[in-house]
Amino acid sequence: MGAALRRIQFGNALAAFGNGFTAPFLFVYASRVRGLGDGTAGAVLAVFAVVALVVLPFTGRVIDRRGPMPVAFVGSAFGMVGALGFGISESAASALASSALMGAGVAVLQPALATMIVSCSTTVTRSRAFATQFFLNNLGLGVGGLLGGLMVDEHRPATFTLLFVIEAAMFVVLATVLATVRLPLPRTGEMDAHAAAARESAGGNWSVLLRDRPMVLLCVLGFVLFFACYGQFESGLSAYAVEVTRISTATLGIALAANTAMIVLAQFVVLRLVERRRRSRVIALVGVIWAVAWVAAGASGLVHGTQAAATALLITTYALFGVGETMLSPTVAPLVADLAPRRLVGQYNSAFALVKQLALAVGPAVGGLLAAVGAYGVYIVMLVGCSLMVSLLALWLGRRLTVAQDRPYRSLVVAGSSGQQHTAETGKDMSAGLIAEERAPRATVRVG
């Protein structure tokens, strides 16, 4: 189990490394390097997001029926072909087609990899597993973006082609690494449950999810989370930083680097502080921290005549977002997995990925619109309110969770220093028992 999880994390980190090479430069590449114009470049990014929204509703059903591994192989293949297509695209049609392929590949990889991590972890170890994935993702993206920025030359298209070839190669490496992974086989009872699930319609699976009130509430909470943070990085917040705080684009890059550095440096320190706490309260605290971050951003636009103070406030905003992200990685994704019935883990992961993608589509649109009309005061107030709403929704969600879901470590029996080894060996069985005990009554609630 440990070896399988390490390989999954390694392949995921390399895929993020490859994505980091190209993600920051897609717009510039399509618009200026290939001379397709800003409109086509914007359409390329839009297609990338829209295709994800189209494929995600079906991805979970395939994962639950066929397993996550075949889905991951298909996603890797789509991503590889899309990346190579981008590297040689000279027309709008080929760039849009490549964007669609790569968007579909990346979209289906997310829930497939998440489901693999769930398979190779327990309720007790899952928070650390997802925190490690988040850490490696950000490290890979950061290092890839740094190296990509050093390699590209806007006047030499071949340098961009090389970046896309590297990304395509990383998709191949991901598939190769995953081919060596042996996921744990389900027990006989679970195999029967999976067979029954395969006979159910997709509508039946979605009806189970929609009856699951804690999961629906978590999806609403997730939408607000991603809208208030990730959905603003490349639109409203960047525009506010340049137009209102009046920092240079180079300083904006430093602020983004501060966000990544905070995640990389603080992830495991924060994990030790939060992994034994109630997940709902940790998420509620994130809402408070992000509210402070947006207040700092608003203050950076009000400090006139002291540019150093304004810049420091804005960099603090990005750093505080990073702190919040390190607190979310060991709480939200594991909670999705713990809420899911065993036979619908893929469906639940895909549904939450769909909610995230919707927020990432709506967030930039709203932020860009408010920036375009200069309504920056409304913008800051709206996002402070969204952050506080995160806290309220998290506390409300906490009232609907079982102890095992909200605070899994509380279910772990610690026998003292002489019994620690025995606890570690039996933690898996204890977690499996807890899952079985908690899911039996919840299944009745869903279908009754």
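Colleague: How do you know that the span of helix H4 agrees with its number of residues?

Modeller: Bear in mind that this is a predicted model. Helix H4 covers residues 68-88, which makes 21 residues. The expected span is 1.5 Å times one less than that number, so it should be 30 Å. The end C-alpha atoms are 31 Å apart, so the two values agree.

Colleague: Which residues of H4 are buried, and what do they pack against?

Modeller: The buried ones include Pro68, Met69, Gly75, Gly79, Gly82 and Phe86. The buried residues of H4 pack against helices H2 (26-33), H3 (37-66), H5 (92-119) and H7.

Colleague: Why is leucine 162 called partly exposed?

Modeller: Its relative accessible area is 42%. Buried means under 20% and exposed means over 50%, so a value in between is partly exposed. Leucine 162 therefore counts as partly exposed. Its place is in helix H7.

Colleague: What makes the nonpolar surface patch, and which helix gives the most to it?

Modeller: Leu162 is one of its residues, along with others including Leu84, Leu139, Val143 and Val165, and the patch is about 740 Å². H6 gives the most, with six residues. H6 (126-151) and H7 (157-179) each supply at least two.

Colleague: Which residues touch the most other members of the largest nonpolar core?

Modeller: Among its 87 residues, they are Met215, Leu218, Leu221, Leu225, Trp294 and Tyr348. Beyond its neighbours within four places in sequence, leucine 218 is in contact with Leu335, Val336, Leu339, Phe352 and Leu397. Another core, of 16 residues, lies apart from that one, with Phe25, Leu36, Leu163 and Ile166 among them.

Conventions:
Residues are numbered from 1 along each chain as its sequence is written. This is a predicted model: local features need pLDDT of at least 70, side-chain atom pairs count only at pLDDT 80 or more; totals for chains, interfaces and linings use all residues. Side-chain values use heavy atoms; hydrogens and water are left out. Patches are made of residues with over 30% relative accessible area and no salt bridge: like charges are joined within 9 Å, nonpolar side chains (Val, Leu, Ile, Met, Phe, Trp, Tyr) within 5 Å. Accessible areas come from the Shrake-Rupley method with a 1.4 Å probe; for residues, only the protein chains shown count as cover. A salt bridge is a side-chain nitrogen of Lys or Arg within 4 Å of a carboxyl oxygen of Asp or Glu. Helices (H or I, at least four residues) and strands (E, at least two) are DSSP runs, numbered from the N terminus. Buried means under 20% relative accessible area, exposed over 50%, partly exposed in between (1.4 Å probe, protein chains only). Contact means heavy atoms within 4.5 Å. A nonpolar core is a set of buried Ala, Val, Leu, Ile, Met, Phe, Trp, Tyr and Cys residues joined through side-chain atoms within 4.5 Å.
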